[in-house]
Amino acid sequence: MFSTTLRLDDDLGRFLREVAEAHALSVNGWLAELLRREQAAVVRRRLATDWAAYGQDAEAQDVGYAFAAQAEVAAEPRRRSYRARKAK
């Protein structure tokens, strides 16, 4: 587990304790919750950036090359599962 020490001025330290108490959390719990929220926001921002880049890349969106292979797989006879074959 990661452990660190914070050096905050008195006003900010007081604010931190008050806000944590108002949320019925310890200072550690409240800071951990803030970091989890920020971590989730970073993931959402990265995903939005990636999707925006994907939307601008016409070559990445061209999936026509895969249609023939997909048609082949779809046309193959359905195989029985291992369990169904073993039960015989």
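Helices (H or I, at least four residues) and strands (E, at least two) are DSSP runs, numbered from the N terminus. This report describes a predicted model, in which local features need pLDDT of at least 70 and side-chain atom pairs count only at pLDDT 80 or more, while totals for chains, interfaces and linings use all residues. Residues are numbered from 1 along each chain as its sequence is written, and side-chain values use heavy atoms, with hydrogens and water left out.

L6 lies in the segment before helix 1. With a relative accessible area of 52%, L6 is exposed; the terms used here are buried for under 20% relative accessible area, exposed for over 50%, and partly exposed in between (1.4 Å probe, protein chains only). Together with L8, L12 and F15, L6 makes a nonpolar surface patch of about 370 Å². Such patches are made of residues with over 30% relative accessible area and no salt bridge, where like charges are joined within 9 Å and nonpolar side chains (Val, Leu, Ile, Met, Phe, Trp, Tyr) within 5 Å. The areas come from the Shrake-Rupley method with a 1.4 Å probe, and for residues only the protein chains shown count as cover.

Helix 1 contains 13 residues, and from its first C-alpha to its last it reaches 18 Å, close to the 18 Å expected at 1.5 Å a residue. The expected span is 1.5 Å times one less than the number of residues.

Four residues of helix 1, namely G13, L16, V19 and A20, are buried. They lie on the same side of helix 1, because they cover an arc of only 135 degrees around the axis; this arc is that of the directions from the helix axis to the C-beta atoms. The buried residues of helix 1 pack against helix 2, contact being defined as heavy atoms within 4.5 Å. The other side of helix 1 carries the exposed residues D10, D11, E21 and A22. After helix 1 comes A24, which has a positive phi, near 55 degrees.

**Salt bridges**

Side chains of opposite charge can pair when their charged atoms come close. A salt bridge is a side-chain nitrogen of Lys or Arg within 4 Å of a carboxyl oxygen of Asp or Glu.

| Pair | N to O distance |
|---|---|
| R37 and E33 | 3.6 Å |
| R45 and E38 | 2.9 Å |

D11 is exposed, at a relative accessible area of 56%, whereas R14 is partly exposed at 39%.

R37 and E33 are four residues apart in helix 2 (residues 27–56), a separation of about one helical turn. An α-helix has 3.6 residues a turn, so residues three or four places apart point the same way. R37 is partly exposed, with 45% relative accessibility, and E33 is partly exposed at 30%. These two residues also take part, with R36, in a network of salt bridges.

R45 and L6 are 39 residues apart in sequence, and their C-alpha atoms are 27 Å apart in space.
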